[in-house]
Amino acid sequence: MENDPNPGGASVFQHRSVLLAEVLEAMEPVPPGLVLDATLGGAGHAAALLAARSDLELLGVDRDPDALVVAAGRLERFGTRVRTAHANFAQLGDLLDELDEPLVGALFDLGVSSPQIDRPERGFSYRFTGPLDMRMDPTQELTAEVVVNTYPVDRLTRILADGGDVPAARRVAREIVARRPLETTDDLVEATNAGTPAAVRRRGNPAKRVFQGIRLEVNDELESLIDALDQTIDRLVPGGRVTVLAYHSGEDRLVKERFRRADRGGCSCPSGLPCVCGSTPEGRLINRKPIVASEAEVAANPRAASVRMRTLEKGRRAS
């Protein structure tokens, strides 16, 4: 997760890496080789990892071309140890296969970055007037404007409820449809407020959850995450690790379920009893409960408040 106090373009992609020390600790035991940063962003985690481990190389991937430009500059000092690629989660497997190198580690720092949120023209924030865009990759066709102006009520309701945990999802969806066409982020905020009961509005700005749900839909973040984790875990060497930082309950739930399945190997035996079904675990959970940011880190960077970090090690089972 990034932090940009001066929004405006790639040249000001300032960043503050969440759980930096914890990520370095999680990756410390991995063998020498190639590490994948699947959400390179401002390259804060990547730069720290390369500085700490001279025996590692990095493949940095991001959907945002602006982020890649800045990251390449920040990682230039590491020379040929770094390669970058403009790609999405669905392309990770092909990228790794093309490199044909053992994968010893992977990092996913999920969600939208602060530089993206804080640039009004990207349309991610309900706090700024901007177009209904919300694309992490500006070259893709689907935008938030298409979602809010063409999706039927039932589909809108589902993405608001599942992706945004919106309490009054159907009422908000109906209000959005009734106000079409919506053209700006302000239009979406007004529709959200009009469709949200007063009691819900008093608990916090309802637009936050609505924008989150639509953003997840525009960027196919939840479905693509499942494929990305599968591709990554399959390609890790024994002793390799994948660490995921999630900021949304839906994302964290998917990570937890995928890691738990890897830890149990698909075992269907009752919990607490010896396995008799013959399942073979893919790896082991490094932390049974998610790691969260300290009070000091949250005070310094409030956007770290919701982070949940989980790590899986390939090819070994907990004793």
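Reply: A residue is called buried under 20% relative accessible area, exposed over 50%, and partly exposed in between, using a 1.4 Å probe and protein chains only. The model is predicted: local features need pLDDT of at least 70, side-chain atom pairs count only at pLDDT 80 or more, and totals for chains, interfaces and linings use all residues. Residues are numbered from 1 along each chain as its sequence is written, and side-chain values use heavy atoms, leaving out hydrogens and water.

Me: Is Arg83 buried, partly exposed or exposed?

Reply: Arg83 has 24% relative accessibility, so it counts as partly exposed.

Me: With which residue does the side chain of Arg83 meet in a salt bridge?

Reply: Side chains of opposite charge can pair when their charged atoms come close. A salt bridge places a side-chain nitrogen of Lys or Arg within 4 Å of a carboxyl oxygen of Asp or Glu. Here Arg83 meets Glu101, at 2.8 Å from N to O. Glu101 is also partly exposed, at 31%.

Me: How many salt bridges does the structure hold?

Reply: There are 21. One of them joins Glu221 to Arg215 at 2.9 Å, N to O. Glu221 is buried, with a relative accessible area of 7%, and Arg215 is buried at 11%.

Me: Why is helix α11 largely enclosed by the rest of the structure?

Reply: Helices are DSSP runs of H or I with at least four residues, numbered from the N terminus. Nine of the 12 residues of α11 are buried, so the helix is largely enclosed. Among them are Phe211 and Arg215.

Methods: Helix = DSSP H or I, 4+ residues; strand = E, 2+ residues; numbered from the N terminus.
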